[in-house]
Amino acid sequence: MTWSVLGSFAITSLILAAAPGPDNIFVLTQSALHGVKKGMMVIIGLCLGIILQTLCMIVGITAFITAVPVIMVLLKVAGALYLCYLAYMAITHAKTTAHIDLSAQPQQDVPNWKLVRRGFIMNITNPKVQLFFLSFFPQFLPQGIHGWTLMGYMALLGCIFALATVLIFCLVALFSGSLASQFKSVKFNMCLNYSAAVIFIGLALYTISTAF
């Protein structure tokens, strides 16, 4: 594998990570709701999901999952249900915010581990990531390799893709997280939470629509 191939893979990974999608929207909404630092926790969870999916691809689990339609459907349903749960939590927080003076009280702090968990679940319940790995990674692998050599190359590509994702998502978090620090009005926070709920429900409906 030459440096030019690795460079092409890195550039392509950056472009794909920057393309609008569920993960980008998830980072944007969570960073806007909870701030940049909390957005970084979501990114950590997403990247842990990418690492896990890369490991699954290396050992062949991904190929098995994509070969059994029922498992793909179950994964999509699980992801949609979790998005609905996040929408419910956003609506609940919006209703609570309506009775709180944000200028006098800090916003409710979400534990870091919960945000990491949200990002992790969001990633591993997205079957498109697995399909993307199966169709995208092989294009950059040298011909005729197998065994430990193949596993090593796939692990290398997985690390590059994870780093590219971290870079793009951090930029998204920095951009959207500034909203949480600059706007403290009750009206703004209510709009932000309701907007997040609408986005989560939209993503859930899209996920369900592609499951059957």
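This is a predicted model: local features need pLDDT of at least 70, side-chain atom pairs count only at pLDDT 80 or more; totals for chains, interfaces and linings use all residues.
Residues are numbered from 1 along each chain as its sequence is written, and side-chain values use heavy atoms, with hydrogens and water left out.

**Exercise 1. The chain as a whole**

Task: State how many helices and strands the chain has, and what share of its residues is buried.

Solution: 
- Step 1. Take helices as DSSP runs of H or I with at least four residues, and strands as runs of E with at least two, numbered from the N terminus.
- Step 2. The chain then has nine helices and zero strands.
- Step 3. Take buried as under 20% relative accessible area, with a 1.4 Å probe and protein chains only. Of the 212 residues, 42% are buried.
- Step 4. Take contact as heavy atoms within 4.5 Å. Among contacts between residues at least 6 apart in sequence, 87% join residues at least 24 apart.

**Exercise 2. H2 against H3**

Task: Work out how helix H2 (residues 22-34) is oriented to helix H3 (residues 36-59).

Solution: 
- Step 1. Angles under 35 degrees count as roughly parallel, over 145 as roughly antiparallel, 65 to 115 as roughly perpendicular, and the rest as oblique. H2 and H3 are therefore roughly antiparallel.
- Step 2. On the H2 side, Asp23, Phe26, Val27, Gln30, Ser31 and His34 make the contact. They meet Val36, Lys38, Gly39, Val42, Ile43 and Leu46 in H3.
- Step 3. The buried residues of H2 include Asp23, Phe26, Val27, Gln30 and Ser31.
- Step 4. After H2 comes Gly35, with a positive phi near 105 degrees.

**Exercise 3. H6 against H3 and H2**

Task: Find how helix H6 (residues 112-124) lies against H3, and how H6 lies against H2.

Solution: 
- Step 1. The axes of H3 and H6 are 7 Å apart, at an angle of about 40 degrees. That makes H3 oblique to H6.
- Step 2. Residues of H3 in this contact include Met41, Gly45, Leu48 and Leu52. Those of H6 include Leu115, Gly119 and Phe120.
- Step 3. The axes of H2 and H6 come within 10 Å and cross at roughly 165 degrees. H2 and H6 are therefore roughly antiparallel.
- Step 4. Here Pro22, Asp23, Phe26, Gln30 and His34 in H2 meet Leu115, Arg118, Gly119, Met122 and Asn123 in H6.

**Exercise 4. Checking the length of H3**

Solution: 
- Step 1. H3 is followed by Gly60, whose phi is positive, near 95 degrees.

**Exercise 5. Placing Ala162**

Task: Locate Ala162 and say which residues it touches.

Solution: 
- Step 1. Ala162 is in helix H8 (residues 147-182).
- Step 2. Its relative accessibility is 10%, so Ala162 counts as buried.
- Step 3. Leaving aside residues up to four places away in sequence, Ala162 touches Cys47 and Ile50.
- Step 4. Thr54 is 108 residues from Ala162 along the chain, and their C-alpha atoms are separated by 9.5 Å.

How values were computed
Axes are lines fitted to C-alpha atoms, for helices over the stretch in contact, and angles run from 0 to 180 degrees between N-to-C directions. Buried means under 20% relative accessible area, exposed over 50%, partly exposed in between (1.4 Å probe, protein chains only).
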